[in-house]
Amino acid sequence: MLKYIVRRLLILPAVLFVVTLVLFVLFLQVPAEQRVRVYLPSVRPRMTPEETERLIQATIERYGLDRPLWVQYREWVTNLVKGDWGYSPSWREPVLEGLLRRVPATLELTMFALVPALLLAVGLGRIAARRRGAVPDHMVRSAAFLGWAFPPFILALVLINVAYARTGWFPPGRMSIWASPIVNGDGFQAFTGLLTVDALLNGQPRIFWDALRHLVLPATCLALAEWALLTRVMRASLLDVQGHEYITTARAKGLSEVQVVNRHAMRNALLPLISTAGVTPPLLITGVAVVEVVFNFNGVGRWAVDGFLSTEIPVTVGFALASCVVTVLSSLLADLLYAVVDPRVRLY
Amino acid sequence: MARLITRRGTTRRLFRPSLVAGVLIILGFLATAIAAPVIAPRQVEETGRVSYRAMRARPQPPSREHPLGMLPGEVDVLQGIVWGSRGVFRVGLAVVAGRVLIGLVVGLVAGYAGTIADAILMRITDGFLAFPMIAAAMVMLALIGFGSDPNAGFLYGYLPTREELIVQVALILFGWMAYARLIRANILVEREKEYVLSARASGIGRGRLLFRHLLPNSTQGLLVMMASDMGAVVVTLLAFVFIGLITFSSDKLMQGDWGHMLVAARDWVVGGQPFTYWYTYLPLSLLVVLFAAGWNLIGDGLRDAMDPRLY
């Protein structure tokens with residue numbers, strides 16, 4: 001087990017090295033004089049030319065921009081590790097700070113999409129596999145097929161029309177206008193940054209319902225593809241497991257059907273679900289960005305796209321880097337979880 | 001072809017409802033794309049471009065001349081859909097072909113060249129796998145398209161703009177990994193088989209062994225992946241255009257481009273009474289879903305034909 005974990009952990013720096021190298025090589029495509037501008041910290045208004053010149057020189061010095069490429073790469077990575085991810089002029093804050101400030105909102109959205117998607121995938125995939133070829137199976141399979149083929153942004157168009165424009169039930173954005181002064185006011189303490197949780201902790205049920213209302217549509221759009229994929233995997237793997245001999249043995253022992261499925265079949269059938277869920281974060285992050293932009297939801301994805309559109313290279317690169325780190329860590333987590341759940345892996 | 005699809009070549013298995021439905025859907029799109037000048041002829045002005053009339057800033061409801069109405073700027077929706085179907089095939093085929101090409105090379109080398117090359121190539125693959133497509137596209141656009149005119153390198157209808165080209169390259173450059181892994185896994189199985197040994201014993205060169213013997217036998221599942229990828233690539237690209245990663249241009253809109261049409265329709269989704277302007281986005285949206293579903297049906301059908309055990 002330990003050997004497996006160590007070996008798996010050793011891959012991590014190699015992958016992160018490739019990620020940073022790719023970003024750095026792409027970054028070198030920016031002309032040198034523009035690159036200095038990218039590194040420049042906040043330029044105060046009304047600086048004299050001499051001051052600007054000194055600032056540029058200091059920046060070149062600090063990031064080693066006149067040194068060999070590998071030194072530049074080293075300096076860049078060192079700064080990243082130290083937490084200096086560049087400065088975003090239009091938000092007037094360091095990139096990392098802006099990024100981290102928006103993480104809770106995105107995390108909340110992702111949770112509200114991922115948890116129901118996962119539970120529904122396990123439940124419905126199980127039903128479909130148990131009733132193979134029957135009506136429930138066909139219904140689940142068709143829904144999963146459509147869900148996989150349905151682009152989230154088109155679903156968003158339809159949902160906005162049906163559930164907002166027509167009825168006003170589920171508005172876009174993160175909270176209503178009336179809620180914003182309360183949330184940003186003195187009486188409201190941000191414990192976690194997750195608006196729904198904070199609202200409950202502050203004893204503000206109205207804010208809670210408001211936040212929930214705003215989460216429904218984007219979370220639905222985000223969850224659909226994930227649910228569809230996981231449902232298909234769940235169904236296929238349960239069908240696969242059901243054919244194994246230990247299931248026959250379990251039945252022969254005289255266990256009830258529920259026990260056979262829950263104790264023996266499901267435990268093994270869940271394994272592929274873990275590895276599949278572990279590779280979906282890149283898809284999920286792309287989905288988050290698209291959904292946040294379409295629903296005007298103030299999270300990391302919208303921040304990154306806004307930053308990109310106002311040609312802020314540090315924001316764009318910072319988003320790419322952060323999302324790569326998230327992806328790498330989640331696939332590591334999935335692998336470790338897999339090793340915990342499946343003893344066979346530990347033998348390697 | 002048959003060898004690529006099934007090992008024992010039982011063509012009967014290929015006639016599965018989902019596969020047939022998918023092929024019919026995609027053939028429909030293909031016929032539309034090819035017959036675009038017949039289905040939706042349009043006036044091309046002397047300059048070779050269709051003019052954009054910005055005077056009519058509102059969408060026009062369906063009428064006799066314009067069966068699906070018009071987008072703002074008098075852009076006929078039906079014409080746009082028909083001509084735009086060429087664009088999605090072009091993009092999909094180009095990107096999938098690029099991905100397959102890189103995937104084949106990397107998979108082949110990783111699977112055959114030995115453990116060190118394999119380990120290095122697989123870590124590189126892992127690194128590229130970490131990038132979400134949107135991050136990759138934005139980084140490429142921001143860093144390589146830096147300071148460039150978004151429409152530079154533009155040739156009427158056929159060549160993509162610089163921005164589109166960058167996004168397509170990003171889709172290729174950060175999308176080949178699944179193919180590489182597939183080919184590598186297949187090669188690892190195939191190279192242990194006896195025909196490889198006998199081929200080697202007969203004294204053929206390494207290149208011949210790789211390309212004449214190993215590669216043709218290592219394409220299991222390649223078509224499945226390509227088919228599902230076609231739909232996914234197009235949908236991803238449309239999503240990127242929709243959220244504004246590619247600069248909107250009325251030129252593109254006039255030529256018929258699904259992404260730009262969706263952008264033009266975006267502001268009319270929640271306008272007036274709901275569904276007042278349904279024709280600006282609903283027919284096209286349904287077609288996008290149908291296009292993606294068609295490719296997925298083909299992918300699923302092919303997989304079922306090869307491996308009827310599951311799914």
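Good morning. Some conventions come first. Residues are numbered from 1 along each chain as its sequence is written, while chains are lettered from A and ligands numbered from 1 in the order in which they are written. Because the model is predicted, local features need pLDDT of at least 70 and side-chain atom pairs count only at pLDDT 80 or more, whereas totals for chains, interfaces and linings use all residues. The term pLDDT is the predictor's confidence in each residue, from 0 to 100.

I begin with the chains. Chain A holds 15 helices and 2 strands, and chain B has 14 helices and 2 strands. In this talk helices (H or I, at least four residues) and strands (E, at least two) are DSSP runs, numbered from the N terminus. The C-alpha trace of chain A spans about 85 × 55 × 35 Å along its principal axes.

How much of each chain is buried? In chain A, 36% of the 348 residues count as buried; in chain B, 43% of the 311 residues do. A residue is called buried if 20 or more other C-beta atoms lie within 10 Å of its own, exposed if 12 or fewer, and partly exposed in between, with C-beta atoms placed from the backbone.

Contacts tell us about the fold as well. Two residues are in contact if their C-beta atoms, placed from the backbone, lie within 7 Å. Among contacts in chain A between residues at least 6 apart in sequence, 71% join residues at least 24 apart. For chain B, with a separation of 6 or more, the share from residues 24 or more positions apart is 70%.

I turn now to where the chains meet. The contact draws 49 residues from chain A and 38 residues from chain B. On the chain A side, the elements giving two or more residues include helix 1 (2–27), helix 10 (205–242) and helix 15 (313–341). That side divides into 38 nonpolar, 8 polar and 3 charged residues. Here Ala, Val, Leu, Ile, Met, Phe, Trp, Tyr, Cys and Pro count as nonpolar, Asp, Glu, Lys and Arg as charged, and the others, Gly among them, as polar.

Next comes the largest nonpolar core, which has 169 residues. Such a core is a set of buried Ala, Val, Leu, Ile, Met, Phe, Trp, Tyr and Cys residues joined through C-beta atoms within 7 Å. Which residues touch the most other members of this core? They are B:Ala137 and B:Met138. Helix 10 of chain A gives the most to the core, with 19 residues. Beyond its neighbours within four places in sequence, B:Met138 is in contact with A:Ala304, A:Phe308, A:Thr316, A:Ala320 and B:Leu245.

A straight helix of 38 residues would span 56 Å at 1.5 Å a residue, but helix 10 of chain A spans only 46 Å between its end C-alpha atoms. The expected span is 1.5 Å times one less than the number of residues. A kink of about 35° lies at A:Val216 in this helix, shortly before the proline A:Pro218. The bend at a residue is the angle between axes fitted to the seven residues ending there and the seven starting there.

After helix 4 of chain B comes B:Gly114, whose phi is positive, near 120°.

Two residues other than glycine also have positive phi. A:Arg92, with phi of about 55°, sits in the loop between strand 1 (87–88) and strand 2 (93–94) of chain A. Is A:Arg92 buried or exposed? A:Arg92 counts as exposed, because it has 9 C-beta neighbours inside 10 Å. A:Thr311, with phi near 45°, lies in the loop between helix 14 and helix 15 of chain A.

Finally, confidence. The model scores ipTM 0.88 and pTM 0.88. Chain B has a mean pLDDT of 82, and 83% of its residues reach 70 or more. In chain B, pLDDT stays under 50 over residues 45–50 and over residues 152–157. Where pLDDT is low, the predicted coordinates should not be read in detail.
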